[in-house]
Amino acid sequence: MIDQQILDAMRERIELEADGVRKVVEVFDDTTAVILDALLHCTGKVFVTGSGTSGSIARRMAHLFSVSGTPSLFLQPSDALHGTMGALRSGDLLIAISKGGGSDEINNLAHRAQERGVRVIALTSNRSSELAQLADHVQYFEVADDVDPGNVIAMGSTLMHAIWGDCLAVVLMRMRGYRWAEVLFTHPLGAVGKREGLPDELDSLPAPTNDQ
């Protein structure tokens, strides 16, 4: 039988991270509308990048964007700085995830991407960071103490970035009128590909309105 102290510690961790995820609703602002508009009308490609745990979230975000109708690719930052960033072209978008905003490889990539005409969207918790200062658009995440253990190990903060991406993916899907038949066409394998029938279509949403 599991020890009560262990169970309490696990519950505490769940509550701390769940509180962080719930706070994401306060992240959405006028900048979010600008970002949605940029993603909806992007004439190039959407790339998502991050290092460490943020890299795992970036890969997940790019995958879910693509599945739900916003074509996206994960760009591994170190590989990008060894030549892969040659894929970047004017008109592309780069979403850069970095809680502290001080990762050299992310900032170097963001600088060079901008020199190629790519707009950079930063997800960060540090308004004064190099990434926040250089990005074209900054989505700021306020992360409470211990959402990440010791404010060091990226756990809850990365879930906040993940749910932000989930929200945008679904909203963009609804704005585009992207249909379940299209989702299943690109997802023919696994249990999803074997299902019979389609879910009810999601209600459509209007394109964002912003004056920026």
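Is Asp19 buried, partly exposed or exposed? Asp19 counts as partly exposed, because its relative accessibility is 36%, where buried means under 20% relative accessible area, exposed means over 50%, and partly exposed is in between (1.4 Å probe, protein chains only). Before we go on, a word on what you're looking at: this is a predicted model, in which local features need pLDDT of at least 70, side-chain atom pairs count only at pLDDT 80 or more, and totals for chains, interfaces and linings use all residues. Residues are numbered from 1 along each chain as its sequence is written, and side-chain values use heavy atoms, with hydrogens and water left out.

Let's stay with Asp19 for a moment. Its side chain meets that of Arg22 in a salt bridge, 2.4 Å from N to O; a salt bridge here is a side-chain nitrogen of Lys or Arg within 4 Å of a carboxyl oxygen of Asp or Glu. Arg22 and Asp19 are about one helical turn from each other, because they sit three residues apart in helix H1. (Helices are DSSP runs of H or I with at least four residues, strands are runs of E with at least two, and both are numbered from the N terminus.) Glu15 joins in as well: Glu15, Asp19 and Arg22 are linked in a network of salt bridges.

Helix H1 has another such pair. Glu17 forms a salt bridge with Arg13, with the closest N and O atoms 3.1 Å apart. Both lie in H1, four residues apart, which is about one turn of the helix. Glu17 is buried, at a relative accessible area of 14%.

Now look at where H1 meets helix H7 (residues 156-176). Their axes come within 8 Å and cross at roughly 35°; the axes are lines fitted to C-alpha atoms, for helices over the stretch in contact, and angles run from 0 to 180 degrees between N-to-C directions. The crossing of H1 and H7 is right-handed, that is, the near helix is turned clockwise from the far one by less than a right angle. Glu17 turns up again here: together with Gly20 and Val21 of H1, it makes the contact with Gly156, Leu159, Met160 and Ile163 of H7. Contact means heavy atoms within 4.5 Å.

H7 has a link to another helix too. The side chains of Arg60 and Asp166 meet in a salt bridge, 2.8 Å from N to O. Arg60 lies in helix H3 (residues 52-67) and Asp166 in H7, so this pair ties together parts that are 106 residues apart in sequence. Arg60 is partly exposed at 35% relative accessibility, and Asp166 is also partly exposed, at 21%. In total, the structure holds eight salt bridges.

Next, the loops. Ala135 sits between helix H6 (130-134) and strand S5 (137-140), and counts as buried because its relative accessibility is 12%. Leaving aside neighbours within four places in sequence, Ala135 is in contact with Gln114, Val120 and Ala122.

Asp146 is partly exposed at 38% relative accessible area, and Asn151 is partly exposed at 37%.
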